[in-house]
Amino acid sequence: MQEKFEPKIVGFLCRWCAYTGADLAGTSRIKYPPNINPIRVNCTGRVDPTLVLKALASGADGVLIGGCHPGDCHYTNGNIKTLRRFKLLQNMLDQFGIEKERVRLEWVSASEGERYARVVESMTEEIRNLGPLNWKRKEMEVIA
Amino acid sequence: MTSPKIAFNWASSCGGCEIAVLELGTKLVELKDKIDIVFWPVALDFKYSDLESMPDKNIDVTFFNGAIQNSENEHLAQLFRAKSKLLVAFGACAYMGGIPALANTKSKQQIFNSSYKETPTTDNPQNITPQTKFIVPEGELTIPKFYNTVKTLDQVVDVDYYVPGCPPVGSQIEKVVGTILSGELPPKGAILGASDKSLCHECKLEKTDRKVSKLVRTYETIPDPKRCLLEQGIICMGPATRGGCGAICLDANSPCRGCYGPLPNVIDQGAKMLSALASVFDAESEEDIRKLADSVVDPIGTFYRFGLARSLLRRTKE
Amino acid sequence: MPEKIGVYVCHCGTNIARTVDCKSVAEYASHLPNVAVARDYQYMCSDPGQEMIKKDIHELGLNRVVVASCSPLMHESTFRRAVSSAGVNPFLFQMANIREQCSWITENRELATNRAKAIIAGAVTRVSFNEPLEIKKVPVNPDVLIVGGGITGIEAGLQIADSGRKVWLVEKEPSIGGYMARFDKTFPTLDCAACILTPKMVSVGQHENIELLTYSDVIDFSGYVGNFTAKIRKRPRYVDEEKCNGCGQCEQKCPLSVPSEFDCNLGKRKAIYRPFPQAVPGTPVIDREHCLYFTKGACRVCEKFCPRGAIDFEQKERIVEVPVGTAIIATGFDVFDASRVKEYGYGRLPNVITSLEFERLTHASGPTAGKILLRNGKPPETVAIIHCVGSRDHNYNEYCSRVCCMYSLKTAHLVHEKTDAKVYEFYIDMRAFGKGYEEFYKRLLEEDVTFVRGRVAEVSEVAQNPSEKGKLVVVAEDTLLGIVRRIPVDMVILSLGLEPRKDALEVAHTFSISRSRDGFFLEKHPKLAPVSTAADGIFVAGTCQGPKDIPDSVAQGGAAAANVLSLIDRKEVELEPSIAIIDENVCSGCKICLGLCPYHAITFDEEKSVAVLTAALCKGCGVCVAACPSGAIEQQNFTNSQLLAEVEAVSA
């Protein structure tokens, strides 16, 4: 019997908005696929593209960066700096052959528990359809 | 006292590192009496059997340049590791993959198709591509196996030191050779012949307003020779690249391409440069950001020009 | 020294244990590198749970602790204190959230358990790279900023000022008092609003510890808890507050009358005016959009007649920078815009009025001197009151505005008191939850109000039979009778719901606070911290946090004051030490980081050619850390090593 592929998604969530929103989803008992591993940071501005690449190279199937809506950033505009890095990173990941659906930047406010759940759900299903990234597999000839 | 036994080898390389050794100039002549060169294919006639017949750890230092792209490269890497006390990855290719590692953006199949079939000047009606074995009346011919993925030297064997640069500049080579021959060896794994600070530290161009509002290719502009090139929209890898080369490219009005590799605290040079560059994009709206990002036409080629094999992802997806 | 990690997996009763197999997770954790002990337990945050950790630290020599339980936002500080009291630095502790973001989000036991294992593996790997850190203590400025001079702001202001501390009370209108100053009577006691409010307003105006800045806004707010700086813009009144004695001559003599906002445009005021007679401060303000001097260069009658020479047409706006330690946001609400509900005809049908307009009609100082009159000047014979306008409606606001049922009953009572009209109330549910509220409802039932349970479909002026001619027909389903009724009335009063203020987004941005889905300001925790926000030192109180009545607003004002006073009395607060540090031996002076810091915490040392970080200004966002191409900047408690380790462990 084929075991259903469970995508492994690494999430970088800012403590003021997305992480709190994700907590709210849980507190409200909203159900969504438990495929995301949340890593809390103070601001998405801390998310160095190196961390995203490390996740993908180490076996993750996708990465979600969750921050505040533009204008709401607790540190004024850390999320805009993240957006700048993300756009360029997205173009580079495309060159690497990594599908757009695998790495996402989403704005989730502290009160958007439902939205967070739906984002993770849609991302999980999209990546499930794409299949595992499996960057460490033998054919890729890379050692993480 | 016997002279130290030195060997040079070139794997998948352009030969530039060998020429760089010649930059030692007259010092090379002085050195020749102090050292015993036991293997130097580019300059002297040695055979592989000479190497194979040596006892292990016979060679004191091997300077190995070039990346590992085929089975011959790998075989020699392993041989040299066995036969040498110290194995030094010499030059950007051995250290990070160098230009040859850009082949990691393609598959072996694509490379063969392009080289042997699709290029306009190729006349190959039978679509013949290289084989590792071929029988001819006189017997069996073999050539090395071409690898799908280019590797750095330390991804196939244990390496003692690294000398970065494409090629390492002459003054640095002199220092490195001196250090190693002195007997006072730095800790294993050290990067020799380079600064621990980025190129910006030695670059003489004036840095003022760290904002990038547009990006241009080098042919699209005549830069102000006194001002930082990055600020003028020319992508310069200087901020994310080790110094020690004397910023010679910048002296010639050319942006740094990153050949000296990442700084000590950085595990992926390209990712860091991407982060630094994007952080200072002078754009606030998603639309403006996207336009600026799209104007970097070849991110991998720009950020990983010399270091793709050493990056976190190493190659494009199969 | 090798790490010795203790891992504790909490059942949290059944909250976690119901979906996560805690025993197998603890077993898994015990095999992770450097883990000396792994236990599971019912309630880790309880005393015995915390004791367990402390005991293991003493007996097993643990030097790192991981607790897998609820969100760090919940109990991180609890466990940090526990660990610290046992002699281990509180930052050598890491929390793994296996509840809010694991056990509560799925019913699938296998997936939840696997997820929990991965999360814990991440925390265990990360904690090995945690460094001991010192919590930074900063002094707390005892001065307090209160934004909003309604009943909530007034209550908070008086409580704090009475304790001897200085309060800066900023109000954007010319007078404090807020919406309550516009009400006639308040439910359920039918107190006169002005009678209970005005003495408090006067206290505020006269209090030696309250600096009252009316006709002012907060345009910038920066700093951190205990050490904020507020930039306040005092808009020009064109009247010198020092010279004015409130005699009112200017108002009398002013030749220009314009619609009065305070009276919902039903009445008039002069171009130089006080919004209402008991305004505090009593200094009038000149409305430069209408004043004949400002628009045409003419008149200046007020100046001529002012006995104190207090009129100053040249007055400029002033910017005041005020250092404070804490802030209370009590900016209040706005009413729902009734014209959005086209079927009720507000704005089109003259005798459809809002509940707020009704307050002004029935108010003794209002446009009709307290008489309830139709537009034609006659008293109504029948009145309909429609509940839930703009509330409990997915077309407008889904939430219940909490106060409308009660004020609708009050409205009905006032109509009875002042007219002989027959009153119909159209409601969905009757929400009479507070002290004396149910009793008040019973009173109105006995007053012979006709209650019709059903949503009003429309208010129509089209008569379908002679009895409807010239009337407003309220069409509603009477769900108790099971029929659709058409009830002709003279006057329709729309009970408007409460909404966040139009400038709520701006205020939220100024103070860096979040908003709930409904747009009101977000509290830290709805039950346990209703007046705190995620931003330390900034509190919210009153209707800006959510619809509520006057008793609850006053209670929240007091709660915010208590929170503030508690902070001030502590004299010091602890700051999370997740600031950035630049290693000058690695920094190569590329200057990429300089312009990235929103707090200008990074400067350049030309001599050494390195970037320099001022720790006191750093708020720990980490932007510079991610941008530095040399890896010369690290963020305490979020170092590259820690994050890379965590990423690698969870991705494997």
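Here is a walk through the interface of chain B and chain A, and then through the domains of chain C.

This is a predicted model, where local features need pLDDT of at least 70, side-chain atom pairs count only at pLDDT 80 or more, and totals for chains, interfaces and linings use all residues. Residues are numbered from 1 along each chain as its sequence is written, chains are lettered from A in the order in which they are written, and side-chain values use heavy atoms, leaving out hydrogens and water.

Let's start where chain B meets chain A. Here 35 residues of chain B are in contact with 33 residues of chain A (heavy atoms within 4.5 Å). The buried area comes to about 3100 Å², with carbon and sulfur atoms giving 64% of that; this is the accessible area (1.4 Å probe) that the two parts lose on being put together, summed over both.

B:Lys317 and A:Glu99 meet through their side chains in a salt bridge, at 3.0 Å from N to O.

Which elements of chain B give two or more residues to the side that touches chain A? They are strand 8 (146-151), helix 9 (269-279), helix 10 (286-294) and helix 11 (299-303), where helices (H or I, at least four residues) and strands (E, at least two) are DSSP runs numbered from the N terminus. Helix 9 of chain B gives the most, with seven residues.

Finally, turn to chain C. An automatic or database domain assignment sets the bounds of domain 1 (5-129), domain 2 (144-332 + 503-570), domain 3 (334-499) and domain 4 (580-636). Taken over C-alpha atoms, the centres of domain 1 and domain 4 of chain C are 34 Å apart.

Notes: Salt bridge = Lys/Arg side-chain N within 4 Å of Asp/Glu carboxyl O.
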